[in-house]
Protein chains: 2
Amino acid sequence: MLIDCGEGTQMQLRRFRLKYSKLDYIFISHLHGDHYLGLIGLLSSFHLARRSNPLTIFGPKGLDEIISTHFRWSNTQLTYSIDFHITTDDGLNLLVNTPQLMVYSFPLRHRLPTTGFLIKEKAGLSNLIKSKLEAEKLPVEAIKSLRKGMDYIGVDGSFYPVREYCYPQEPTRTYAYCSDTIYWPELKEYIAEVDLLYHESTFLDAEKERAELTMHSTAGQAASIAAAASVKKLILGHFSSRYKDLNPMLEEAKPIFENVELSVEGETYQL
Amino acid sequence: MLIDCGEGTQMQLRRFRLKYSKLDYIFISHLHGDHYLGLIGLLSSFHLARRSNPLTIFGPKGLDEIISTHFRWSNTQLTYSIDFHITTDDGLNLLVNTPQLMVYSFPLRHRLPTTGFLIKEKAGLSNLIKSKLEAEKLPVEAIKSLRKGMDYIGVDGSFYPVREYCYPQEPTRTYAYCSDTIYWPELKEYIAEVDLLYHESTFLDAEKERAELTMHSTAGQAASIAAAASVKKLILGHFSSRYKDLNPMLEEAKPIFENVELSVEGETYQL
């Protein structure tokens, strides 16, 4: 899954040795150039590499016209199909539902229709405790049920509770991405208690008026949202190029929300 | 002037410290992504930098629709005006005529309508030989005429030949750019005797069939065109990524056309 795709994304994917042939889903938050201008190049490279797997793209109305205009004029019949879905900024919308996870869009407040994205991991199959399995003869139905995380009661009344036959499950993880948005307190409802929040931090509080005018956030505002939403960790990004030193971003955020980091290009953030 | 604008061009311009605010003309040879996908990003950056100078763009039909589709959806009113001109691949066409130079488009043969570009420097004003001026009293009309490179004959029959009163002029220089084209012998008419020819060299002769199929040229074919057109120097480029070692390109071209070089990103080629 790839969220947003600025100019040069395909070069950066190559540089960081990420296999972009494995991409199945692309999510575009809004139609400002720094969030989507690398998309046509990436789609073209899939085509040149003779991709056959379908690709699913979620993005605002207009992105479909932009894509089709390019490929119509370059007379390109893509080697793969694009399954395009229009996103809307009217609430929490389920976009993807796989056995592993769910992806939702939710509204942001920016100069164009813009959405954030929320990824929720699903509980996987539970791991059975081997010694128990070997000691007792469990019916096949009991094993199936336990692996799905459900207690099993046999027709004979025998009872196999998950907490006794399975290892405790890893808690499921959640990630929320907020590309471009003005400070908007209601946002906290959509991202409450996520494990990791990426939030834009274009300016410092000293430029609060400019942030409001351009519908961006300051580091302090991003930290306030993170605190109000009780997220576990915050990553700041989308810094204005006026800031050569980014440490003041951290210094502004930390007193409001302690567990905060600056995003670094090419870095991996483990949940 | 910028000819073609692949994805990441604005990053490369910054990297090589070229002031892109000084750009007045952009020429796009055809609508394959590697030749124009950096254009929207560059135009957006001009906008963000509050450019006010008009920008002139020459490119094939469709590029205007692509540009307007992007800016319509991003709701952008550019801070500068774009003067867009459609190029056609039907012959030699004068695009730009300034006191310093002329730019023409000429046809190439590729999978889409494609043009090359020819830049011809104009002769500047001639420099008068000072000692002559001081020794003789030349009429003002004679001086004007001589500076334009023309002999002058006075009403009294006096004769002031350029070759006697002026330093010899620097020869005017010419550059031709051939982005993507199948081997096409007629091309030589358009690029005859240029000082510098850039010609694509996607493949080696061993892949001649593939070159024909994809409407590209080999290094040997580019050298043949250079020789047939009696150009002074040839630069090869647009190499397929399959070639990790580019020396065979030079080895293939040299026996056919001696004064040949490989293009290197960021390099300056002096005429």
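Author: The dialogue below takes up cavities, then symmetry, then aromatic rings. Please keep in mind throughout that this is a predicted model.

Reader: How many cavities of 30 Å³ or more does a search of the whole structure find, and which residues line the largest cavity?

Author: Rolling a probe the size of a water molecule over the atoms shows where empty space is left. Here a search of the whole structure finds one cavity of 30 Å³ or more, and about 60 Å³ of space lies in the largest cavity. Its lining draws on both chains, with A:Y36, A:L37, A:I40 and A:H70 from chain A, and B:L37, B:I40 and B:H70 from chain B. By class, the lining residues divide into five nonpolar and two polar, with no charged residue among them.

Reader: What rotation superposes chain B on chain A, and which residue of chain B comes closest to the rotation axis?

Author: Chain B is superposed on chain A by a rotation of 178° with 0.2 Å of shift along the axis, at an RMSD of 0.5 Å. The two copies are therefore related as by a two-fold rotation axis. Among the residues of chain B, B:G8 comes closest to that axis, its C-alpha lying at 2.6 Å. The same surface serves both copies, since 100% of the contact residues of chain B recur in chain A.

Reader: How many aromatic pairs are counted over all chains, and how is the geometry of such a pair described?

Author: A pair of aromatic rings is described by the distance of the centres and the angle of the planes. Over all chains the count comes to 20 aromatic pairs. One of them, formed by A:Y160 and A:Y165, is edge-to-face, with 5.4 Å from centre to centre and 65° between the planes, and both A:Y160 and A:Y165 are buried. By contrast, the ring centres of B:Y25 and B:F27 are 6.3 Å apart and their planes are at 15°, so this pair is stacked. With 21% relative accessibility, B:Y25 counts as partly exposed, whereas B:F27, at 1%, counts as buried. In chain A, ring pairs link A:Y25, A:F27, A:F58 and A:F117 into a cluster.

Reader: Where do the charged ends of A:R51 and A:R109 sit?

Author: The charged end of A:R51 sits over the ring of A:Y80, 5.6 Å from the ring centre, while that of A:R109 sits over the ring of A:W184, 4.4 Å from the centre.

Methods. Residues are numbered from 1 along each chain as its sequence is written. Chains are lettered from A and ligands numbered from 1 in the order in which they are written. This is a predicted model: local features need pLDDT of at least 70, side-chain atom pairs count only at pLDDT 80 or more; totals for chains, interfaces and linings use all residues. Side-chain values use heavy atoms; hydrogens and water are left out. On a 1 Å grid over the protein atoms alone, a cavity is a set of points where a 1.4 Å probe fits but cannot get out, and a pocket is an open set with protein on both sides within 12 Å along at least five of seven lines; lining residues have an atom within 4 Å of a point. Grid points are joined across faces, edges and corners, and a volume is the space filled by probe spheres set on the points. Ala, Val, Leu, Ile, Met, Phe, Trp, Tyr, Cys and Pro count as nonpolar, Asp, Glu, Lys and Arg as charged, and the others, Gly among them, as polar. Copies are superposed by least squares on the C-alpha atoms of residues with pLDDT of at least 70 in both. Contact means heavy atoms within 4.5 Å. Rings of Phe, Tyr and Trp (its six-membered ring) pair if their centres lie within 6.5 Å; planes under 30 degrees apart count as stacked, over 60 as edge-to-face and the rest as tilted. Buried means under 20% relative accessible area, exposed over 50%, partly exposed in between (1.4 Å probe, protein chains only). A charge sits over a ring if NZ of Lys or CZ of Arg is within 6 Å of the ring centre and within 35 degrees of the ring normal.
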